[in-house]
Amino acid sequence: MIELEGLTKRFGTKTAVDRLSFTVRPGMVTGFLGPNGAGKSTTMRMMLDLDAPTSGTVRIDGRHYRELDEPLKYIGALLDAKALHGGRTAYHNLLCLAQSNRIPERRVGEVLDLVGLSAVARKKSKNFSMGMGQRLGIAAALLGDPRILMFDEPVNGLDPEGIHWIRNLMKHLATEGRTIFVSSHLMSEMALTADHLVVIGQGKLLADMSMADFIQRNSRSYVRLRTPQRELTRDVLASAGLTAVDAGDGALEIDGESTERIGELLAEHRVVLHELSAQRASLEEAFMQMTAGAVEYHAHDGAGPQWGADVKGA
Ligand SMILES: Nc1ncnc2c1ncn2[C@@H]1O[C@H](COP(=O)(O)OP(=O)(O)OP(=O)(O)O)[C@@H](O)[C@H]1O
């Protein structure tokens with residue numbers, strides 16, 4: 001478990017992280033979202049004690065990072081895959097890390113196997129492709145068999161097979177009861193991977209809720225139907241207080257009622273249906289909706305136009 005309380009980081013006059021409080025829980029994948037410059041990397045760096053907070057605290061399983069005897073055994077992280085020593089072989093890179101953290105050498109072979117790099121273990125990592133570099137970074141994160149894992153943009157530069165592999169790995173690690181915290185700009189990927197979301201903007205917490213709740217609260221859900229009896233349908237729905245809006249492609253859209261109720265209502269009047277479906281927005285649409293809301297909020301708040309620029313870059 002990772003617990004943040006009032007975590008704040010200022011760089012000069014810039015507040016990169018602004019009184020963040022949330023808990024990352026075990027047994028699930030928690031996605032960390034926010035537009036460019038929202039403060040995600042800075043937050044993750046403070047979680048790992050790579051940056052000192054201006055104020056507030058981070059607790060890793062109840063303790064400060066500095067109080068952990070052998071931190072790699074508690075928390076593993078992929079922040080910048082390029083941080084590994086390019087002149088060393090994959091094996092040697094991991095061995096150095098293992099030795100400095102009192103991790104047995106056999107674990108090096110195990111994690112190389114786990115990430116699919118055994119065949120290139122004796123090759124220098126500077127010659128690795130981006131995907132291989134990411135895998136090596138993940139091997140380093142897994143070295144201490146930690147209960148908590150943190151991944152900053154883990155699918156960056158990966159091909160579809162690599163993305164699929166990381167997604168399954170994270171889900172699998174979560175089912176083992178580990179705490180998985182992952183940032184990504186790829187909304188479609190996040191939607192497939194994360195169970196829970198923490199969303200920040202301009203360093204502030206915007207949302208901390210399940211993926212399903214996030215999408216539901218930040219997007220429109222409606223029912224779509226197609227029928228050869230449009231006028232009768234409109235009349236029946238109107239008599240139940242519902243408005244059918246033209247979707248533009250011949251279909252009708254209805255807000256505020258379930259497919260079940262609408263289907264039953266129309267069946268009572270023997271209306272023929274060619275389509276009846278519940279429509280829910282994607283995570284990307286929900287995210288854009290939330291951040292668009294934040295633009296208005298911040299505009300009224302007088303925080304200036306920077307947020308708008310950030311949203312476009314997201
Ligand atoms: N060392 C630093 N010195 C000064 N400003 C910094 C420093 N590190 C980050 N910042 C600023 O803090 C803010 C948050 O940056 P951060 O990299 O944490 O955001 P992010 O959400 O990870 O962005 P991205 O999605 O683009 O990676 C940005 O405005 C950034 O310019």
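## A walk through the sheet, the ligand and the cores

Start with the open sheet: its six strands run in the order β5-β6-β7-β3-β8-β9, and their pairing is mixed. Going from one strand to the next, the twist averages 15°. Keep in mind that you're looking at a predicted model.

**Whole chain**

Zoom out for a moment. The chain has 314 residues, and 35% of them count as buried. Its secondary structure comes to eleven helices and 13 strands. Along the principal axes, the C-alpha atoms fill a box of roughly 75 × 50 × 35 Å. If you take the contacts with a separation of 6 or more, 70% of them come from residues 24 or more positions apart.

**Inside the sheet**

Now select β3 (residues 28-33) together with β8 (residues 196-201). These two strands pair in the parallel sense, over four bridges. Which residue of β8 is the bridge partner of Gly 31? Click on Leu 197 to find that partner. Thr 30, for its part, stands opposite His 196 in β8.

Stay on β8 and look at how covered this strand is: five of its six residues are buried. Then follow the chain into β9. Here the pairing of β8 and β9 is antiparallel, over six bridges, and Gly 201 has Lys 204 of β9 as its bridge partner. The two strands make a hairpin with two residues between them. Pick Gln 202 in the turn, where phi is positive, at about 45°.

Next, show helix α4 (residues 130-142), which lies across β5 and β6 and runs at about 170° to β5.

**Around the ligand**

Select the ligand and then its surroundings: Phe 11, Lys 14, Ala 16, Gly 34, Asn 36, Gly 37, Ala 38, Gly 39, Lys 40, Ser 41 and Thr 42. Which element gives the most to this shell? That's α1, with three residues. Both β2 (14-24) and α1 supply at least two residues each. Colour the shell by class and you'll get three nonpolar, six polar and two charged residues.

**Down into the cores**

What about the nonpolar residues inside? The largest nonpolar core has 61 residues, and Leu 94, Ala 139, Leu 143 and Met 150 have the most contacts inside it. Helix α4 provides the largest share of this core, six residues. Click on Leu 143 and leave out residues up to four places away in sequence: Leu 143 touches Leu 72, Gly 76, Leu 94, Leu 97, Ala 98, Ile 103, Arg 107 and Val 111. Another core, of nine residues, lies apart from the largest one; among its members are Val 223, Leu 225, Ala 244 and Leu 266.

**Last stop: Asp 69**

Finish in the loop between β4 (55-60) and β5, where you'll find Asp 69. Is Asp 69 buried or exposed? It counts as exposed, because it has 8 C-beta neighbours inside 10 Å, and a residue is exposed if that number is 12 or fewer. Now draw a distance between the C-alpha atoms of Asp 69 and Asn 101: they're separated by 9.5 Å, with the two residues 32 apart along the chain.

Technical notes
Residues numbered from 1 in each chain as written. Predicted model: local features only at pLDDT ≥ 70, side-chain atom pairs only at ≥ 80, totals over all residues. Pairing = 2+ DSSP bridges. Axes fitted to C-alpha atoms, helices over the stretch in contact; angles between N-to-C directions. Contact = placed C-beta atoms within 7 Å. Buried ≥ 20, exposed ≤ 12 C-beta atoms within 10 Å, placed from the backbone. Near = placed C-beta within 6 Å. Nonpolar A, V, L, I, M, F, W, Y, C, P; charged D, E, K, R; others polar. Core = buried A, V, L, I, M, F, W, Y, C linked by C-beta atoms within 7 Å.
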